[in-house]
Every structure is written in structure tokens, then in C-alpha cells.
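Subject: Structure for you to look at

Hello,

Here is the structure I said I would pass on. Please open it beside this message and follow along; my notes come after it.

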Amino acid sequence: MSLPIKLISTDFDGTVHSDSEIPPIPAALELKLAQLQRQGVKWMINTGRDLPGLMETLARARLSIWPDYLGLVEREIYVREGDDFKPCGDWNARCTESHFELFARVLSDMPALMQRIHSRHQATLYEDAFSPLCMIAKNNAEADGIMRILEEYCASVPH
């Protein structure tokens, strides 16, 4: 039977996976995803994690199923081929180049923007290899407040 659903795309940390739970991915969810995959539905995990970090966590979770696609560091796409995940080379290369250009344009604004956020919120702010501004908020309300600051900033940046 062909299902109207072709793809299930899930967040990972705190949504389908929790390190503090046993098992870290609920068994009922794993069974349902397996059933859907047998019916031709594809499963994609979207996460801010990089490939090694996600693969280690998935291995520790000891799943009986694997996702068909990965959306990593909020932009790179990987496709499962057998036991490996292969990057979507052209897409990932274009994303990396576009993000590099964007981050170069806004890098000088980051200290003031971080100071503005810190003056109103207690979130942890940092940069990593994939973004000049990452945050860990205390709760959803704080994340929403920071998002409003970021939206105001983005509206001020040409193009």
C-alpha cells in the first residue's frame, strides 16, 4: 500500500532522542519508523550536530533502524548508501560557500550583537566552525526573545 507520506523529517536532540532516557529513542517511535520505512517512507534527522557527533550518538542508541537522510549542522545533507552516509556534494559545497560569504559580511557585528543579547538574556553564546553565533537558551521564552533581537538585526543587514 502506498502511503501519502513520503518523508518524515525529525529534529533530534530533545525531540526523538534524549541521553537521559532509557532507551534514548522511545521504542514505540523506533517501531513506528521501522514500519513506515518498510512501507517506503523515508526518515530524515535534522540536527545541529556534525556527522561524527551524530553517528556516535546513534551507535550508542543501538537502533534497529537508520535514517535515510541526515540534515547536519543545520544545512548539510547526507544520503544513506548501505552502511555509510554520503554528502550531497554540490548542495553542501554551495551551502558552505554561501555561509562563508555571509559570515564574513556580519563577523564585525558579532561582538555588539552578543553584547546586546547578553544585556537582556542569560543564554550561553558561542561560535563554532559552522556559525559565528550559536546559543543555548534557558527556556523557550528566552530563545524567543533572542530570536526577536536576531530578526531585528537581520532586517538591518542589506541583502
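Start with helix α3, whose buried residues are N92, C95, F103 and V106. They cover an arc of only 65° around the axis, so they sit on the same side of α3. Please keep in mind that this is a predicted model.

What do these buried residues pack against? The buried residues of α3 pack against β4 (76-81), β5 (84-87), α4 (110-120), β7 (131-136) and α5 (140-156). On the other side of α3, the residues D90, F100 and A104 are exposed.

D90 belongs to α3, which covers residues 89-106. Exposed means over 50% relative accessibility, and D90 counts as exposed because its value is 61%. D90 is also 70 residues from S20 in sequence, and their C-alpha atoms are 37 Å apart in space.

Next, the strands. Strand β1 (residues 7-10) runs parallel to strand β2 (residues 42-46), and 4 bridges join them. The bridge partner of L7 in β2 is K42.

With helix α2 (residues 51-61), β2 and β3 make a right-handed β-α-β unit.

Some details of the backbone are also worth a look.

- I22 and P23 are joined by a cis peptide bond, with omega at about -5°. P23 is in the loop between β1 and α1.
- E74 is not a glycine, yet it has a positive phi of about 65°. E74 lies in the loop between β3 and β4, and it counts as exposed because its relative accessibility is 64%.
- H159 has a positive phi of about 60° and is not a glycine either. H159 lies in the segment after α5, and at 93% relative accessibility it counts as exposed.

Regards

Terms used: Residues numbered from 1 in each chain as written. Predicted model: local features only at pLDDT ≥ 70, side-chain atom pairs only at ≥ 80, totals over all residues. Heavy atoms only, no water. Helix = DSSP H or I, 4+ residues; strand = E, 2+ residues; numbered from the N terminus. Buried < 20%, exposed > 50% of the residue type's maximum accessible area, 1.4 Å probe, protein only. Pairing = 2+ DSSP bridges. Right-handed = clockwise from strand over helix to strand, strands pointing away. Arc of directions from axis to C-beta. Contact = heavy atoms within 4.5 Å.
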